[in-house]
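Please read them against the coordinates.

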Amino acid sequence: MTTLVHPSPTPLTRHDSRPGVRHLGPNWYAAVMGTAIVASAGAALPAHSPGLRVAYEAVWALAVLALLTLLAARAAHWARHADQARRHLADPGVAPFYGCLAMALLAVGGTTLAVGSGVIGTPAAVAVDAVLWVAGTALGLVAAAGIPYLMVTRHRIEPAAASPVWLLPIVAPMVSAATGPALIAHLPAGQWREAMLLGCYALFGMSLLMTLAILPMLFSRLVHHGPLPLAMTPTLFLVLGPLGQSTTAVNNLADAAPGAVAAPYAHAMSAFGVLYGVPVMGFALLWLALATAMVVGAFRRGMGFGMTWWGFTFPIGTCVTGAAALARHTHLHAFAWLAVGLYALLVAAWAVAATRTLHGLVNGRLLAAPRPAPAALR
């Protein structure tokens, strides 16, 4: 969810005078993710009205359009600029963003079922979500295994280079775990539903444990090497992604459990959703305060706009859905108000990021060749 930052300058070619899609990296899928979750998080809030529903449907349509446009542009990127695409995979600062493709598919699929069903009908929404969930989950598993493999075997990474973007391919299976439960009721009863439910728990586990392995390295980097470079500071919000998404996942799975597994397990899953979600949401609020303080400091030191700003959207959106899920299960008004407050923050962040991105596209700055990375990232 950040801008592409190369560890070394990329030689200019004759294409760079009119770059087109040459420098359109996988990080752009974060804009699709951030747009889709504005609609799905809004639909998850306790308050509902016909007017809000229409607004969510409009945002969903925008997310679908953005996804289709970006898929076509990225296909053109691979077809016309395969050398640049391979360079992205070889770059430890860019390769993790390939997890964003999987999450964009999953986010749009889940929003289609949650919001778009009122426009295209439930059968069509289920079909779209099923296709995108299968594709997104498959790509997410490839990214979750493949990107760490490249980091270990091909990339050269210094201790000071630990970055929140490492979480991006790891979070993709968690997004599958959070969006998959909505499809369980549409599967045949028995083995199909139970397999889907437990499969989502497995996706939850692989993402959670890898996240727990990465977070200590990230905090150690911050403590021993100081704040991130200005352009990368918004990526601190990426830590909220696995926290909010895992809370959403366990509670969505608890909702789907009664129709998929026997009562003792269903009751245990419901209890686990609350017992896991409340402490994790507490840590998410602590990290939100820390990340916000560091972003304020970066603003004071002159941080300008970049695609990193989309890191403010999807992670906050997962905390909205997590808080809303806890409100649904505990019936505590505190969680409901927390979800509403976080949603207001999400909408504000999305509006700023979307406006600045549109402006950057119009003037061509966001599609220009990336600048060399700061020395701290080399």
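1. R53 and E57 form a salt bridge, with 3.7 Å between the closest N and O atoms; the term covers a side-chain nitrogen of Lys or Arg within 4 Å of a carboxyl oxygen of Asp or Glu. Both residues belong to helix α2 (residues 50-80) and sit four residues apart, about one turn of the helix. Helices here are DSSP runs of H or I with at least four residues, and strands are E runs of at least two, numbered from the N terminus.

2. A word on the basis of these values. This is a predicted model, in which local features need pLDDT of at least 70 and side-chain atom pairs count only at pLDDT 80 or more, while totals for chains, interfaces and linings use all residues. Residues are numbered from 1 along each chain as its sequence is written, and side-chain values use heavy atoms, with hydrogens and water left out.

3. R53 is partly exposed at 29%, and E57 is buried at 18%.

4. How many salt bridges does the structure hold? There are three. One of them joins R22 and D83, at 3.0 Å from N to O. R22 is in the segment before α1 (29-44) and D83 is in helix α3 (residues 82-90), so this pair ties together parts 61 residues apart in sequence. R22 is buried, with 4% relative accessibility, whereas D83 is partly exposed at 33%.

5. D255 and R328 also meet in a salt bridge, at 2.7 Å from N to O. This pair links distant parts of the chain, with D255 in helix α9 (residues 240-256) and R328 in helix α11, 73 residues apart. Both side chains belong to partly exposed residues: D255 has a relative accessibility of 41% and R328 has 38%.

6. The disulfide count is zero, where a disulfide is a pair of cysteine sulfur atoms within 2.5 Å.

7. H331 deserves a look at its backbone: phi is positive, about 65°, although the residue is not a glycine. H331 lies in the loop between α11 (314-330) and α12 (333-363), and it is exposed at 64% relative accessibility.

Technical notes: Buried means under 20% relative accessible area, exposed over 50%, partly exposed in between (1.4 Å probe, protein chains only).
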